Amino acid sequence: MKLTTAQALVRWLLAQRSETLDGREVPLFPGVFAIFGHGNVLGLGTALEEHRDELPVWRGQTEQGMALAAVGYAKATHRRQVGVVTSSIGPGALNMVTAAGVAHANRLPLLLLPGDTFTGRAPDPVLQQVEHFGDPTATVNDAFRAVSRYFDRITRPEQLLSTLPQVARVLTDPADAGPVTLALPQDVQVETYDFPDALFAPVTHRPQRPRPDRRALTEAASVLRSARKPLLVLGGGVRYSGAGARAMAFAERHGIPVTETTAGRTLVPHGHPLHAGPLGVTGSTSANVLAAEADVVLAVGTRLQDFTTASWTVFSPGVRLITLNAARFDAVKHGAMAVVGDADASLAELAAQLESWQVDTSWTERAATERGRWDARIDSLRAVSGEVPTYAQVVGVVNDLSEPRDYVMTASGGMPGELIGGWRGSGSISMDVEYGFSCMGYELAGAWGAAMAHTGGLVTTMLGDGSYLMLNSELFSAAFAGHPFVAVVCDNDGYAVIARLQEGQGGKPFNNLLADCRTAHSSPPRVDFARHAESLGCAVFTASSVDDVRAAYTKAREAAVAEKRPAVVVVRTQPNSWTEAGAWWEVGVPEHLSGREGYDERKAAQVRYLEGRI
C-alpha cells in the first residue's frame, strides 16, 4: 500500500484497539489534539484530514494545554486510552515538554508527534530551527528525551515498521507506561513507501496481568503472618489494574486497615470500617497515626513519593516494607521486599497463601476509631464561621453536591491537601490529583480531556487564582468543542500555599501573595476572573459566602450540562486557612530561619533505608 509516512501513521493509529477494565473494546487512540504549523500542516495535517470522520481532531489554543488535556484523558480512562498531540517544530514542540513531564512523573501514556526539521537540510536554517554548532542532527525535539519513556526520530518511512510496535508496547505496558515522542521531520512526513497491509490490521491491546515470582510471594506472606499491626497502602497501580475490589476483599478477609496514596485516592469507600484515611503530608492524621505504629506495611501499586511518606518520616524505623508493583523499578526502592506483578492477580495469589490468617481485632478497629477523629476535624473546618469562605468549606460544598459517578480533580497549590485530606468518596474511582508533577495549569486543560473521557458523570476541577492565570486558554477550547465541566476558581490573591511554606519556616513574606510583590501602583490592578472566563465562552457564577458557593455550584452544574460548555464558579477565599495532617515535608531551610531547628529534628528521624527483607 503506497502511502506517505504520515498517512501510514494515521492508518496505524486507527487500527489500534483497547480493551477497558470492564471488557469493552474501544479505540486505543480516541482522538488527536492538533495545532498545525509549517512542520506538520501538509504532512500529518493532510493525513488526518483524510480520516476526519473516523479520528476526531480537536484544536487547542496552546500546545501545552492540548497535551495536558491528553494526559487528563488518559487518567480518566485508567490508562486504557491514549491522547495524541501534534505540533509544528520550534516553540510549538517545546510547549509540550512540560506536559510530557506530567505524563512521565505520573506514569500516564501520551503520544506526542512534534514536527521536525528537514532531514535533507537543503533549506537550512528554516523558520523556528535552533542550530547546534557541533551537532547538526540535534533539534529542539531532543529536549523530549528526558521526559519520554520512548523517543524516536523517523528519518525514513520504513522505520515505522520497527518503531510502531514499540510505541504500542510502551503506551499499554503496566510497568513502562508513559509518554512516547515520535519526532517527524516534515520532508519525511510526505515521503512515500510501499507499506505492508499487515501493518494496518486491527490489534486489540488487553490489560496485562503479570504474575509474581512464587518465592517472593511466599516470603511476603511469611512476613505478613508475623505482623501484629499491618497496614495496607493502595496506590495508583491498584486503580490502573482495576484491583480496587480485590484489594478491599483482601483487607476484609484478613482485617487489615487500609489507607490510600494521592494516586489511589477514592479507591476505598470513605465510611468503610477498615478505611484509615489518606496517607502523608496532604493526607490525614488518622492514617499517619496508624502508619507510625505499623510493624509491616504492604504498599500496592505505589512509588511512595515524599508527600505520601512525609519525606520518609511517616513510618517507624523498624517497619517491614513489602512493595507489590508491576514495575520492578518502583518495587525495589527503599530496601523493600519486592513483589513484582499485577495488583489484581498478585493480591489474589497472596490471599491464597495467607489462607485464614487474621489480624487482632484491636488493631483492625483502630482504623475506624482514628478516622472518626479525623472526620470530626474535617467537620469542624467545614463549619467554621467567617465572612470569607475557606478552601475546606468550598471543598465541602462540592463534595456534598456531587453525585457518586462525578469526577473531581486538581493539581497544585493548597487544593491538593484539601481534596486528598477532606474529600469523602463512595468508593468509585472519582478523583484525579496531579501531584506527581504538581503542574499549575493542569487543572483546566486536564479537565477538558477528562470531560471528553468521563461521560458518565460531571467533571469538577478546583484551582486557585495562580493556576488559572498560568494556563486558562483551554477553557475556550472546551467551550468551542462542547465539552462541559465545572471549574471552581478560588481567589486568594496569589500563591498562598507557597507563602504559607515561606512564612511558616521563618521567611519574610516575599513575592508570593500579590500584596508582597513588587509593583509601581499604590492600588494595583485586580483580575476580574468572572469577566475573563465569560469572554472565553464559559457560563459564570460568583460567590462570596458559603451559601453563595452552594447556590453558584448548583447553578454551574446545571448550566454546564444544559449548555455543553464549561461553567466557572469564582469565589473569594481566605489565604491562610488550611487542612493540616500534621506530617513533615522536607524542604531546605537556611540556618538563620526559625524553622531550621524543627528541620534538624525531623531530619534526624528520617528513615533512609527500610529493612524490608527477611
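## Ground rules

Residue numbers start from 1 along each chain as its sequence is written. Because the model is predicted, local features need pLDDT of at least 70 and side-chain atom pairs count only at pLDDT 80 or more, while totals for chains, interfaces and linings use all residues; side-chain values use heavy atoms, with hydrogens and water left out.

## H10 against H14

Helix H10 (residues 244-254) packs on helix H14 (residues 343-354) at about 15 degrees, with the axes 9 Å apart. Helices here are DSSP runs of H or I with at least four residues, and strands are runs of E with at least two, numbered from the N terminus. Axes are lines fitted to C-alpha atoms, for helices over the stretch in contact, and angles run from 0 to 180 degrees between N-to-C directions. H10 and H14 are therefore roughly parallel (angles under 35 degrees).

On the H10 side, the contact (heavy atoms within 4.5 Å) uses Arg246, Ala247, Phe250, Arg253 and His254. H14 brings in Asp344, Leu347, Ala348, Leu350, Ala351, Ala352 and Leu354.

## The sheet

Next up is an open sheet of 6 strands, running S14-S13-S12-S15-S16-S17 with parallel pairing (strands pair if DSSP finds at least two bridges between them). S14 (275-278) and S17 (337-340) sit at the edges with a single partner strand each, so one side of each has no neighbour in the sheet. From one strand to the next, the twist averages 20 degrees.

Inside that order, S15 (residues 296-300) and S16 (residues 320-325) pair in the parallel sense over 5 bridges. Val296 stands opposite Arg320 in S16.

Key: Parallel < 35°, antiparallel > 145°, perpendicular 65-115°, else oblique.
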